[in-house]
Amino acid sequence: MRAILMSIQARHNRNIERGAKTSELRTKPPKIELPFKVYTYESGFDGRHKVVNEWICRDITEWRICMGIPAHLPLRACVEPWEIKEYSGKDYKDISEMRISDLVIYDKSKDLSEFVRPLDRANCGYKDCGSYDCGRCALTEHICEKRKIKLPPQSWCFAEVLRI
């Protein structure tokens with residue numbers, strides 16, 4: 001199953017973990033085949049700054065905010081209607097609702113160093129091979145610098161768990 005790493009503010013993540021937040025809103029959702037796994041990086045001044053849980057997105061619905069905010073959206077996303085309008089911008093960009101299911105809360109949080117970009121999303125970089133797969137990246141002892149995730153994404157990025 002394909003996966004992404006997504007940054008989420010601590011207050012929103014707490015609502016996900018307690019079951020109140022059942023949808024995550026994004027102006028630019030991933031273009032990825034459903035279902036996909038979401039690794040949640042908790043950000044913000046009061047965040048743990050680690051990957052703290054994972055969930056499955058089985059459905060994405062796009063909403064035209066210029067036509068109004070659906071009544072269920074603030075409830076599912078645990079935000080106020082004005083926050084959705086502000087997030088959509090002055091042009092009222094469309095908002096995508098990603099439904100949260102099968103939440104798994106980690107007993108021990110994961111560091112970003114435990115995640116890499118998938119081979120088909122990052123050039124290998126081994127001796128500047130320029131290939132998406134030179135053959136060495138499939139080996140656990142070779143993880144090139146271009147694949148390592150060093151900083152949390154602004155919104156989200158394609159990712160996979162590093163298996164060593």
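Two aromatic pairs turn up in this structure, which is a predicted model. One of them brings together tryptophan 156 and phenylalanine 158 in an edge-to-face arrangement, with 5.2 Å between the ring centres and 90 degrees between the planes. Phenylalanine 158 has a relative accessibility of 13%, so it counts as buried, given that the cut-off for buried is under 20%. Tryptophan 156 comes in at 21%, so it is partly exposed.

Both of those residues also touch isoleucine 4, so let's go there next. Isoleucine 4 sits in strand 1, which covers residues 3-9. With a relative accessible area of 0%, isoleucine 4 is buried. Leaving aside residues up to four places away in sequence, its contacts include Pro30, Ile32, Met98 and the run Phe36, Lys37, Val38 and Tyr39, along with Trp156, Cys157, Phe158 and Ala159. Then there's arginine 117: it is 113 residues from isoleucine 4 in sequence, yet the two C-alpha atoms are 9.1 Å apart.

Now zoom out. The protein has three helices and eight strands, and along the sequence they run β-α-β-β-β-α-α-β-β-β-β. Take the contacts between residues at least 6 apart in sequence: 72% of them join residues at least 24 apart. Of the 164 residues, 40% are buried.

Definitions and conventions. Residues are numbered from 1 along each chain as its sequence is written. This is a predicted model: local features need pLDDT of at least 70, side-chain atom pairs count only at pLDDT 80 or more; totals for chains, interfaces and linings use all residues. Side-chain values use heavy atoms; hydrogens and water are left out. Helices (H or I, at least four residues) and strands (E, at least two) are DSSP runs, numbered from the N terminus. Buried means under 20% relative accessible area, exposed over 50%, partly exposed in between (1.4 Å probe, protein chains only). Contact means heavy atoms within 4.5 Å. Rings of Phe, Tyr and Trp (its six-membered ring) pair if their centres lie within 6.5 Å; planes under 30 degrees apart count as stacked, over 60 as edge-to-face and the rest as tilted.
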